[in-house]
Each structure stands twice: as structure tokens, then as C-alpha cells.
Amino acid sequence: MATDFWLSKLMYDLQDPKLREEYRADRAGVLSRYKLEPAVVRALETHDINVLAPRVNAYLLRFYYQYSGVKDADFMSGLRALPKDYLNG
Amino acid sequence: MAELVGIFAASHAPLVAREWDNFTPEVRAGLTRCYDKVGARLRALKPDVIVEIATDHWVNFFLNNLPAVCIGVGPENEGPPEPFMRKVYNNPVIANHAGLAKHLADLAFAADFEPALSHRLTLDHGFCIPLWRAGLDPPPPIVPLLVNEIEPPMLSVKRCLAWGRLLRRAIASYPEKLRVAILASGGLSHSIGEPTMGAIEIEFDKESIALFDKGAEQPMIDYFEAKLPTVGNGGHEVRSWFIAHAAAGSRGFELLEYLPVPEVYVGCGFASWSVQ
């Protein structure tokens, strides 16, 4: 699957604590500034790793789940459950 | 003339800083022993400058601007931006040695290399964890050599080795009297944000160490070009070690410690090369 620039950009930008605060308070407002597919927006709401993981660099994905407060054990369990060919999905 | 006085490598897992106070005494003692070995030798050499090689972890660069190699050539760089790093390594500004950095850049372009240049970088945990744990706080001026080890495509093994030779030449030909050390940050095996996250590939680490120990470049090129695409993504950071290795003339490797640390998800490697 091709890299999703805007999803990657969101995850990159969320390294900024101020944007993270804004994201928590007004997620829709922040997401409106990124050209995201509706399926990606839905996946962000539920942390759906099956949709997010194939679209971004693995380090950015890790940052995003960390900032979202997902515990490493849960994140890693989600990663392990990905289909073997998830990057080509 | 400048003198190359030491060449080292050390791992840089962010969890070393983030979770330091939560580790068991055994984990802290193991990591302390490893970093102390690098730190004691490095500090004893009293370098005026350290050329540090590391990847950028999405701090300076993003997908809209992603150089394969970038040299920091300004008078200073920003210290680590990560809150967990600022707590342990509070150096908001880290001096650079612009003269040596510019000389390296000039030599690179003259030799048909095309690095990006930055007049003000931010040095994330990749740069600062080894400096912190090696007791270089504050550090001497750091010439940052950022190598993309995070987002494919990346430098070939052969090109990394060529960078190492270029770096050695740059140091040897710099006209100022200067004691220069090289510090390669990163590796060995780890996997971040992938299904194998947390796995430490001891077999890969041991084979990597054996190849550095033997020194010869062609077997390294053959092995790593085939193997790196198949191991965890953090393994790509061994590229920093290739540059250090070639800067040493591809010989004189000495393993200081190898410690797989599941608590930080990294097969931690610590090494030195002879500069004779």
C-alpha cells in the first residue's frame, strides 16, 4: 500500500504537545486540516491498526499509539495480529 | 592538523531514558556498565569535537523533505526535544564545530557526495542518549552526521563505507589542531512499530559483530545487503556502525559489550575501533 502522506503528517505533527492538546479537545477540527480518507478518519477514532499500520512509517505509528495512551503491550498485541502481508494490502 | 583519537559505537534506545527510574537495579547496572565502558574511554581521550553519526527520528525531517545524509554545519544545534530526554539531559543548545563540519561538507561535494546541509539541527535521543549515559554532559562540540536509517530507500552498505573513508580523510586534512572522536549511535537489532516489535535478533547481532571483528568489507556488504531487509527496522541503524568501521580503515574493531535488553527492546551493542 502507498504511504498516506496526510496520515503520516498528522502523526508527525502530533509530536507537538500543543497539537496533542488541541486534538484531544477538538479532534474533528484538527482532522479537518488534513486530507484524510473517511476510512482513515474512522480508523483514527477507534485506533484501528489494520487500517493505520499499512499506511505509515512504523516509527510514526509507534509515536501515534504512544501519544494516544495505548499501552505498549496492547499496541504490540495489535501489531502481532496484523495479516502477514499487511504492507501490501 | 586534526587528529582522529577514537572511534566508538553505542546503542540509543529511548526507553533507556524514559524508563530509567523504573528498571530493576540489574537492568540499570547492566546498561550503566556498557555505557561506562564507552564513556570512560571517550572521556579519557579528551576530544575537542565528536563527529556523531545517527539517524533522525522524525524530528528534523519528514516525508516532504527527507535527505539520505545531512551534515549540521551551523555554530550550534538544538538539544533533545523529547520531554523524557530533557529531564535527563538538559542541554537546550549543543555547540557544533562549524569549521570541521563545513570542511567535511566541502570535501564531500568535491568527492561527488551530495549531503544535505543544515545550519541548525535538533539532536534527538539518537544523538543524546549515548552522550548522556557516557557522562558527556555538557558534551564537547558535536558535528552531527545524520543518516536516514528510518525510511527506505536508504544508503547502501557500500556507500556508508565510502562515507566512513571520506570522514576519515576530512578529519586528517582539517588544518586546525583538534582532537576528534567519532561516535556511531544506533543498532543493533530492534523492531519498532512492526509485528516483530520487541524482538531482539541475537543471531543477527552476533553475526554483525563477527563481521565487524573480521573487518573485511565485501563479506559485510554481501551479508548486510541481503539481511537488513529481513530483520527488524531498527537493524538499519547499523549503518552508523559501517561509517565508523570504514573511518577506522575497516579494521581494529573491539566489542566492548553486547547486551540484549528486552526492557528497552534493543540488542544493545557497544564497540570501539583502533585508530592506528
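A residue is called buried here if 20 or more other C-beta atoms lie within 10 Å of its own, exposed if 12 or fewer do, and partly exposed in between, with C-beta atoms placed from the backbone. The structure is a predicted model, in which local features need pLDDT of at least 70 and side-chain atom pairs count only at pLDDT 80 or more, while totals for chains, interfaces and linings use all residues. Residues are numbered from 1 along each chain as its sequence is written, and chains are lettered from A and ligands numbered from 1 in the order in which they are written.

We can start with strand 10 of chain B, residues 266–273, where eight of eight residues are buried. (Helices, H or I with at least four residues, and strands, E with at least two, are DSSP runs numbered from the N terminus.) On one side of strand 10 of chain B sit Val266(B), Cys268(B), Phe270(B) and Ser272(B), on the other Gly267(B), Gly269(B), Ala271(B) and Trp273(B), and both faces are covered. Two strands are said to pair if DSSP finds at least two bridges between them. Strand 9 (residues 253–261) of chain B runs antiparallel to strand 10 of chain B and is joined to it by eight bridges; within this pairing, Pro260(B) has Gly267(B) as its bridge partner. The two strands form a hairpin with four residues between them, and Tyr265(B) in the turn has a positive phi of about 65°. Strand 1 (residues 2–10) of chain B also pairs with strand 10 of chain B, in the antiparallel sense and over four bridges, with Ile7(B) partnered by Trp273(B).

Strand 7 (residues 142–147) of chain B is largely enclosed by the rest of the structure, because six of its six residues are buried. Ile142(B), Pro144(B) and Leu146(B) point one way from this strand, and Val143(B), Leu145(B) and Val147(B) the other way. Strand 2 (residues 49–54) of chain B runs parallel to strand 7 of chain B, joined by five bridges, and Ala54(B) is the bridge partner of Leu146(B). Strand 3 (residues 69–72) of chain B is antiparallel to strand 7 of chain B, with three bridges; here Val69(B) stands opposite Val147(B).

Turning to chain B as a whole, it has nine helices and ten strands. Its radius of gyration is 17 Å, close to the 19 Å that the globule rule gives for 276 residues, so chain B is as compact as a globular protein of that length. (The radius is taken over C-alpha atoms, and the rule is 2.2 Å times the number of residues to the power 0.38.) Buried residues make up 54% of the 276 residues in chain B.

In chain A, helix 7 (residues 72–80) has Phe75(A), Met76(A) and Leu79(A) buried. Seen down the helix axis, the buried residues fall within an arc of 95°, so they line one face of helix 7 of chain A; the arc is that of the directions from the axis to the C-beta atoms. The face turned away carries the exposed residues Ala73(A), Asp74(A), Ser77(A) and Arg80(A).

The chains meet through 14 residues of chain A in contact with 13 residues of chain B, contact meaning C-beta atoms, placed from the backbone, within 7 Å. Helix 6 of chain A gives the most to the side of chain A that touches chain B, with five residues.

Technical notes:
Contact = placed C-beta atoms within 7 Å.
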